[in-house]
Amino acid sequence: MAEAAKTAFVTGHPIAHSRSPKIHGHWLEKYGIDGSYRAIDVAPDDFAAFLSTLRDNGYSGGNVTIPHKESAFALVARRDEAAEAIGAVNTLWFEDGALWGGNTDGHGFAANLDQRAPGWAEHGPAVVLGAGGASRAVIHALVERGIKDVRIVNRTLARAQELARRFGAGVSAHGEQATGELLADAGLLINTTALGMHGNEALAADPAGLPDHAIVTDIVYVPLETPLLAAARARNLRTVDGLGMLLHQAVPGFERWFGIRPDVTAELRQLIVADIGAK
Ligand code: ATR
């Protein structure tokens, strides 16, 4: 008897904007897998019920996005180490009969830099702009990859301090007024705030003050070249846009549900670039 087609999903609220179905759909087709991946809008009040019926509804697992990442963290039976460290779950799967929650955002961040700026992890100290959920995933990746000096800069200092406490030695918290001084000897600058997102043209920090060897990256990918990345490029610094983080965070989930570790190729990237341009 042929094995039943596997089905996975991305759930959020709203979810229509999600590019995950395009990414996973591309891989399903490329690898000739008899499976499907769909977007499901679930309101916050219905999320717990949705999770409890996953298996009965035939799902192998799925992705979780805003606003359900923290609820998923609380509701799953088991969590991987990254989810524990980040405090949020973006990937669900079944293992040994239990619903597991993992977090692949930090992996996506690091794998994007591995692909586009090899050797990046030798480039400490790192300055991280922002102290929200995305920042937590980035800091986890930086610490895991051995960066010993991680400086969080946030408009609201208390949030940066809370994160610094969470991650411990080597991670420090700073207010925005300290940015200039912190950049002077930094090898990595990462924007995790929404500044620079379409229609929001402010510069999160001025890359002019960075050393010549610094790498600048933004987790915002609409537009692909944010004002921060444009300023860094004008200053002749190495830049990496945020689209690769989206593509790479999808890899571990696809492998768990469909059994093949997919490649992040130029073709996939172009597909999503075209989609961004079309909207
Ligand atoms: P996410 O999960 O995407 O990281 P978040 O948890 O809402 O979203 O965090 C947003 C981050 O962007 C925060 O660090 C926020 O700063 P505050 O903690 O001070 O709110 C930062 N941010 C958003 N708008 C900003 C702005 N106009 N200026 C500076 N920082 C901003």
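A polar backbone atom of G133 is 3.2 Å from an oxygen atom of the ligand.

**Note on the source.** The model is predicted, so I kept in mind that local features need pLDDT of at least 70 and that side-chain atom pairs count only at pLDDT 80 or more, while totals for chains, interfaces and linings use all residues. Residues are numbered from 1 along each chain as its sequence is written, and side-chain values use heavy atoms, with hydrogens and water left out.

I took helices (H or I, at least four residues) and strands (E, at least two) as DSSP runs numbered from the N terminus, and counted two strands as paired if DSSP finds at least two bridges between them. On that basis 6 strands form an open sheet with mixed pairing, in the order 2-1-3-5-6-4. Strand 2 (35-41) and strand 4 (78-79) stand at the edges with a single partner strand each, so one side of each is left without a neighbour in the sheet. Strand 1 (residues 6-12) pairs with strand 3 (residues 59-64) in the parallel sense over 5 bridges, and T7 stands opposite Y59 in strand 3.

**Helices on the sheet.** For packing I used contact, that is heavy atoms within 4.5 Å, and axes fitted to C-alpha atoms, for helices over the stretch in contact, with angles from 0 to 180 degrees between N-to-C directions. Helix 1 (residues 20-30) lies across strand 1, strand 2 and strand 3, and runs at about 175° to strand 2. Helix 11 (residues 251-258) also packs on the sheet, touching strand 1, strand 2, strand 3 and strand 5 (91-95), and its direction makes about 30° with that of strand 5.

Which residues of helix 1 are buried? With buried meaning under 20% relative accessible area, exposed over 50% and partly exposed in between (1.4 Å probe, protein chains only), I noted S20, I23, H24, H26, W27 and L28. Their cover includes strand 1, strand 2, strand 3, helix 10 (243-249), helix 11 and helix 12. Just after helix 1, G32 takes a positive phi of about 65°.

**Salt bridges.** I applied the rule of a Lys or Arg side-chain nitrogen within 4 Å of a carboxyl oxygen of Asp or Glu, and the count comes to 13 salt bridges. One of them joins K22 to D275, with the closest N and O atoms 3.7 Å apart. K22 lies in helix 1 and D275 in helix 12 (residues 266-278), so this pair ties together parts that are 253 residues apart in sequence. K22 is partly exposed, at 39% relative accessible area, whereas D275 counts as buried at 9%.

K69 and D105 also meet through their side chains in a salt bridge, at 2.9 Å from N to O. This pair links helix 3 (residues 69-75), which holds K69, to helix 5 (residues 105-116), which holds D105, across 36 residues, and both K69 and D105 are buried. I looked next at R151 and D149, whose closest N and O atoms are 3.0 Å apart in a salt bridge. Salt bridges that share partners join R19, K22 and D275 into one network.

Strand 11 pairs in the parallel sense with strand 10 (residues 188-191) over 4 bridges and with strand 12 (residues 238-240) over 3 bridges. T217 is the bridge partner of I190 and stands opposite V240 in strand 12.

Last, I checked R136, which lies in helix 6 (residues 133-144) and is buried at 17% relative accessible area. Leaving aside residues up to four places away in sequence, R136 touches E70, I86, G87, L163, R166 and F167.

Note on methods
A polar contact is a pair of N or O atoms within 3.5 Å; within protein, one must be able to donate a hydrogen and the other to accept it, and residues adjacent in sequence count only if both atoms are side-chain atoms.
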